[in-house]
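Reader: Please take one part of this model and look at it closely, setting it in its context with the cut-offs stated as you go.

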Amino acid sequence: MMKRSVAFLFALLLLCSLSGCETMGLGNISQHIGTAMTVVDATSKASRPISDEEEYYVGRAVAAKILGSYQLSNDRELTRYVNLIGRTVALHSDKPFTHGGYHFAVLETNEINAFACPGGTIFITRGMIRTTSNEDELAAVLAHEVVHINKRDGVAAIKSARWTQALTVIGTTAAKNYSPAEVGQLVSLFEGSIDDIFKTLVVNGYSRSQEYAADEGALQLLAKSGYNPGALDSFLKRLAQQGKASGGGILKTHPGTSDRIENISGKAPSGKTSTKAIEARTARFVSIVH
Amino acid sequence: MKRIVIITMVFLFVATAVLAETVTVITKENTIREYNKFFSPVKAYVKYNDKLEVLSINGDWYKVKFGPSIGYIHKTAVEKRTASSPGLFSRKGSGVSESEAALAGKGFNPQVEASYKSKHPEMKFYLVDNIERFIVPDREVTVFIANGGLVQP
């Protein structure tokens, strides 16, 4: 009996070592973790050599640079409201968690615009908020920006040559602290990366395909969150009317609004929203925004 | 004979422990929840680089063990790392080079930000810190979602 027990234990051990512990179910876990990570990689299409932590530090500097050009709002009630909408939408996104989390802030300018800094800080201007007519449209704008972060579009704006230089500086050593000369080189690359992203966000805009993808992703996010996906279409139509008068801002950095409307035509998922819920959202939007 | 059984069992236990899957927290801070839901009760708080043992997978959530706490954490808050390739680039199927892997968590870090700040004192990092400190508590988010007839994630 004892011999049989010993034989059984050895057999179990052998099986475990040969199969990578499939008998414990751990092999499956490993496989699934791999799959889950691959999905995350697929959503974060920019295969740039940058970790979430690095993206966070780049994003902080981009945000600081934007705050050099725009005034941050001190309206706590509006900031809280924008954060509540933004967090609700972000939690339904492909990447509900980033290294430093999602943060939403309002910029005091009449310019109609919004910016997604790498890592999760999103700015929306007072002018943009005024252009929206209800909470669902405001959610549509924030969802569009959340998708830019999910897809790491900001990071993708960094010139590839900078990565080659960064790799040269860092090499393959395990050390995390650099010599003053190495830090100097990295700061220079950091500075260049921030300029690349700032120019894309504020001056040149993302590519047409990135903007279309952000609009399409926003439709999905709105539906998942319980907002009306049709709000993006109604917002873009109002933007087309109001934007003609204002010029600049989002119209300077985004594809033609009529092209964006055409791109999302027929792509909005069907969603059911109760009249009572819409009334509740409209009431809080009116009390805070107007 | 008894000794052989005990040694075998100990060996088996150690082998299982070594082969257990662990993931590393990649967000500054996060929580282990009682259920696989964003707003379920918090079982434990974790921070960047904490190692969690994966017990099972439920959709987008991992059931993990952290110290004495067992609960759930969302898959995007963690990543699987290996000793040879730490960071994002050890993700299975990511197909990145070894040199890219070496960059993970190193290139742009607090040391670089500190140097950048001292070079550019005009940059308003204090405002960015204020933005990051503006936290809306979970409870407010759940009430907001419920009152607006929205979908609880």
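Author: Helices (H or I, at least four residues) and strands (E, at least two) are DSSP runs, numbered from the N terminus. The model is predicted, with local features needing pLDDT of at least 70 and side-chain atom pairs 80 or more, while totals for chains, interfaces and linings use all residues. Residues are numbered from 1 along each chain, with chains lettered from A and ligands numbered from 1 in the order written.

For context, chain B has five helices and seven strands, arranged along its sequence as α-β-β-β-β-β-β-β-α-α-α-α.

The part to examine closely is in chain A, where the axes of helix 4 (residues 76-91) and helix 6 (residues 135-150), as lines fitted to C-alpha atoms over the stretch in contact, come within 9 Å and cross at roughly 55°. From helix 4 of chain A, the contact (C-beta atoms, placed from the backbone, within 7 Å) draws on A:Ile85, A:Gly86, A:Val89 and A:Ala90; helix 6 of chain A supplies A:Glu135, A:Leu138, A:Ala139, A:Leu142, A:Ala143 and A:Val146.

After helix 10 of chain A comes A:Gly226, whose phi is positive, near 100°.

Note on methods
Axes are lines fitted to C-alpha atoms, for helices over the stretch in contact, and angles run from 0 to 180 degrees between N-to-C directions. Two residues are in contact if their C-beta atoms, placed from the backbone, lie within 7 Å.
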